[in-house]
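Subject: Structure handover

Hi,

Here is the structure I promised to pass on.

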Amino acid sequence: MMQARYRPTFRATEFNLLLIPGALAIVGLLMIIVVGRGAVDWTWGDIWVSLAFAGAVLFISVSFGIRGFRGDQVLLPITATLAVLGMLMIQRLHPDLAAIADGYAMVAQRHLMYLAAGLVVLWLVVMLSGPLRVMNWLRKYKYTWLLATLALQAATFVVGTEVYGARLWIQIGPVQIQPSEIVKVTLVIFLASYLDDKRDLIGSSWQVGRLSLPPIPYLLPMGIMWAASLMTLVALNDLGSALLFFGIFLTMLYIASGRLIYVGVGLFTFAAACWAAWTAFSRIEIRVQNWIDPWRDPYVTGYQQVQSDYALASGGLFGTGFGLGHPTFIPEVHTDFVFSAIGEELGLLGTLAVIALYFVLVMRGYAIAMRAEDGFVQLLAAGLSTSLAIQTIIIIGGVTRLIPLTGITLPFISYGGSSLITNFGIVGLLLFMSSLPRRA
Amino acid sequence: MQNAFRGLLLLAAAGLISWGLFSSDGISDARWLGILGLAWLLLLLGTRIPLAPTLPTFNRTIIRTGLVLTTVFVIVTAQLVRIQVVEGDNIYYKTATAPDGEIIANPRTASGDLDVARGRIYDRNGVVLADTQLVDGQYLRSYPEPASACVVGYYSPFLYGASGLELAYEKELSGAAGNNPITRVLKSLLHRPQTGADLSLTLDASLQGQALDLLGGSRGSVVVLDIRTGEVVVMASNPTYDPNQLFTTSANDAAAKAYWQSLIDDPAAPLVTRGNLGLYTPGSTFKTVTAGIAIEEGLAKPDSVYEDNGQLDIDGRVLVENNRPDEARDQWTLAEGIAWSLNVVLAQVGLQIGGTDLWKYGPRFGFGEDIPFDLPVAESQLANGREVLSNKNALADTAFGQGQIQVTPLHMAMIAAMWANDGRMMEPYLVDTVTDADGTVTRQAAPATWKTPVSPQTANDVEQMMINAVQNGSVSGAAADGYVVGGKTGTAETGDGTNHSWFIGFIGDPEPRYAVAVVLEGGSGGLSSAVSIGRDMLAGTIQARREEAS
């Protein structure tokens with residue numbers, strides 16, 4: 001058995017599919033350079049970034065094969081394509097951003113660094129999870145993950161830096177981290193482990209006399225998570241992360257128990273909390289107003305949304321093409337609004353391609369979950385996929401004004417180290433889990 | 001059965017989204033979100049497929065979750081289709097006015113604009129009013145006939161946006177609309193500049209210039225209409241400005257900024273185009289309307305006799321008459337009341353009509369209505385509200401054109417034209433044709449009747465009374481040799497001691513051809529100069545058209 005699993009292989013599907021993001025990286029960057037200079041004038045040195053990226057992902061694929069890794073062959077190409085779009089967008093925005101403010105001078109270089117780190121993390125997770133028995137200790141230390149989750153949230157509250165009225169960051173020396181991105185993962189690990197242990201109990205009922213109640217004691221840690229989500233909302237004013245945590249929490253509870261009542265009760269209480277927050281804080285009221293009609297205050301509070309609408313609308317069906325639009329009219333376009341920049345320069349075809357990639361990625365993750373033999377792996381794969389799905393929906397829904405806008409990153413595409421590295425880690429875990437023994 | 005039902009639900013969701021996307025273009029964002037919400041519920045129900053009970057719970061819940069996520073992605077797709085394609089043009093050109101009065105528009109409409117061969121604007125004889133020249137790879141806008149600025153407007157992409165037709169026809173001029181859609185898509189795909197469509201106007205540039213010359217140092221407006229079609233031949237507003245000085249190739253043009261500031265600071269408001277946007281008290285020119293309503297209602301005829309001994313007591317207020325040509329006469333017909341502009345006679349006519357009926361006629365004459373036009377038009381009013389006219393003094397004041405009544409010069413010209421056009425008030429228009437880059441006419445204006453406030457007989461009576469006023473009354477200064485001219489003057493008290501001088505009239509040979517409205521603002525010109533400007537414009541227009549025809 002062991003010998004069979006370690007026998008080298010050539011991951012042909014993955015390798016061939018990876019040629020697409022590789023070519024996209026090279027052609028896209030060439031276009032950005034040519035448009036930026038206004039002349040067909042480039043050297044190989046200009047596109048070393050793309051060559052390095054293409055080389056790196058192909059190396060990852062080949063090294064997986066040499067290692068005898070037999071997991072999913074579609075996840076990596078999809079992730080790489082999304083990451084290429086993000087990398088190209090940052091390369092394209094960088095000169096314009098740098099002209100706006102000194103703080104943006106290193107944006108493109110930093111993004112490349114994070115991207116490289118993300119790829120390394122993905123590679124390490126896939127290569128080392130087996131030998132290090134990662135699944136075992138992820139499962140075993142569930143209360144550690146719970147504590148880590150709560151501690152990170154509390155730390156953000158105490159020492160967090162406020163940006164645009166929301167506490168999203170912790171500064172550690174020169175490094176700024178976004179704890180919500182890490183919490184997202186620890187939360188999923190804890191829930192997967194806890195729900196796997198208590199799956200039968202949570203699905204059952206608790207009889208009090210003639211009343212049939214949910215098994216309240218087993219839901220206690222759930223209640224703590226619920227409270228932590230609300231704390232994120234109220235204390236940190238971080239509606240995006242609160243939505244994300246709550247979405248993950250409810251979805252996993254439903255997936256494990258099969259009981260819609262939990263979702264119903266959860267949604268109701270969350271809606272009530274949102275309503276309370278809305279009446280208590282004017283910031284949330286402004287946010288709702290900017291969602292329904294940013295034109296009521298197009299100069300101040302609605303400015304970003306109005307500019308994002310303009311950008312998406314100017315893209316039309318085909319987009320202006322890389323470098324030919326004006327996405328930098330949107331403040332913070334490289335983080336919250338990178339999707340609008342894609343909409344402007346790649347058009348509806350580009351945005352639909354991006355959401356199709358996310359969709360396939362998530363469905364692939366669910367397929368891995370369904371095939372898994374082990375209950376914990378099932379829930380972990382489902383939970384991690386769900387976290388990617390919900391995060392994508394929250395930010396794209398916010399940018400396109402389907403829901404109120406919240407400051408959260410678009411996985412693999414937005415600028416931001418914590419987000420890139422964590423999401424690559426998630427894909428690494430999904431890849432590893434896809435290679436574990438399958439259910440008959 | 002259940003499968004069919006779910007299929008129906010999915011179809012209903014698809015239908016609902018398509019309906020929301022395509023049928024009603026004026027749908028608000030909030031309503032669209034409601035439609036999407038409903039469609040999402042239908043999708044959720046429609047995708048609740050039955051799952052084999054033998055499947056483990058975990059597989060069933062994962063499949064259900066996957067289906068829910070699928071429906072969410074469908075909704076996101078619908079939203080993207082709406083924002084990027086279906087509503088794309090509307091959002092792209094959407095503007096808003098900030099509380100401080102500044103206009104917010106898509107900055108892209110400005111930044112890309114020197115790459116666009118913006119369409120030219122021609123007058124009715126092919127004279128170029130707005131030109132585009134390619135200089136060093138940039139398309140520069142210029143205005144060879146600055147006198148037409150009050151119609152054409154300015155185009156200032158980097159600083160002040162646009163106004164007038166430059167704003168109203170932005171899509172056509174910039175090539176975003178009006179061209180062959182296939183050419184447009186191809187050009188946008190290949191990143192070639194769009195070529196804008198040209199506008200041909202009904203305006204006559206030389207007559208427009210003549211109108212501004214005649215206005216000279218007076219503040220005011222002249223509007224000349226073709227009676228039978230509603231074509232706007234002249235729409236002048238004085239003082240005006242030079243749009244050439246507002247077009248810049250960058251946002252840092254000190255001269256343009258200084259010029260703009262001087263226009264803003266000028267108390268004479270040169271940026272306000274008075275013809276369509278200036279609201280004035282019409283004074284006695286409104287008497288034609290009062291008389292017309294009374295005749296239409298069968299309350300009076302041109303030869304009906306009214307008592308006017310120099311004053312009229314209305315509920316204790318004494319209205320003094322200064323206009324009688326013969327102080328010894330006490331009996332005057334309605335026609336004489338129009339010819340000599342007798343306030344006491346028309347006050348009595350107004351009281352005969354009554355406040356309720358006068359108010360009822362307001363919308364029929366276009367008061368309180370949006371006049372369909374190529375440029376925005378300020379809304380005329382009879383009074384601030386219906387209840388005002390229940391006061392007899394207010395009613396009498398309104399009947400001879402004082403009180404709270406407000407009109408635009410364009411509207412008064414339309415009323416003058418209507419009397420000479422058998423009671424048909426035509427839709428005014430400025431843009432005759434829109435011609436795209438391939439030379440195809442994509443839009444051709446067609447004359448249309450907007451309102452018919454009175455019968456042809458009534459209109460004819462008023463027309464004859466106006467001709468009589470020129471031939472036998474106080475408007476004799478409007479007579480032009482060889483033509484039939486009808487007219488009515490007005491002196492509108494502004495409340496600050498100064499008066500607006502009005503003239504409305506028409507000219508025919510002998511069939512009525514052109515109508516005019518002239519207004520000279522408070523104290524800036526006398527009644528006789530309003531009449532002579534009106535006469536010169538009518539005669540000048542009919543002669544110019546004759547020369548054109550021969």
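Residues are numbered from 1 along each chain as its sequence is written, while chains are lettered from A and ligands numbered from 1 in the order in which they are written.

Let me begin with chain A. Its average pLDDT (the predictor's confidence in each residue, from 0 to 100) is 86, and 93% of the residues score at least 70. Confidence in chain A is lowest in helix α1 (residues 2–6), with a mean of 52, and highest in helix α14 (residues 338–371), at 96. Where pLDDT is low, the predicted coordinates should not be read in detail.

Chain A has 16 helices and five strands; these are DSSP runs numbered from the N terminus, helices being H or I with at least four residues and strands E with at least two.

One helix pair in chain A may interest you. The axes of α3(A) (residues 48–66) and α4(A) (residues 75–100) come within 12 Å and cross at roughly 165°; axes are lines fitted to C-alpha atoms over the stretch in contact, with angles from 0 to 180 degrees between N-to-C directions. The two helices are therefore roughly antiparallel, a label for angles over 145 degrees. Phe53(A), Val57(A), Ile60(A) and Ser61(A) in α3(A) meet Leu76(A), Ala80(A), Val84(A) and Met87(A) in α4(A), where contact needs C-beta atoms, placed from the backbone, within 7 Å.

Now for the interface: 43 residues of chain A are in contact with 35 residues of chain B. On the chain B side, α3(B) gives the largest share, 20 residues.

Finally, Glu387(B) sits in the loop between α16 (355–364) and α17 (392–399) of chain B. Is Glu387(B) buried or exposed? Glu387(B) is exposed because 11 other C-beta atoms lie within 10 Å. Its C-alpha atom is 9.3 Å from that of Trp359(B), 28 residues apart along the chain.

Best wishes

Terms used
This is a predicted model: local features need pLDDT of at least 70, side-chain atom pairs count only at pLDDT 80 or more; totals for chains, interfaces and linings use all residues. Angles under 35 degrees count as roughly parallel, over 145 as roughly antiparallel, 65 to 115 as roughly perpendicular and the rest as oblique. Two residues are in contact if their C-beta atoms, placed from the backbone, lie within 7 Å. A residue is buried if 20 or more other C-beta atoms lie within 10 Å of its own, exposed if 12 or fewer, and partly exposed in between; C-beta atoms are placed from the backbone.
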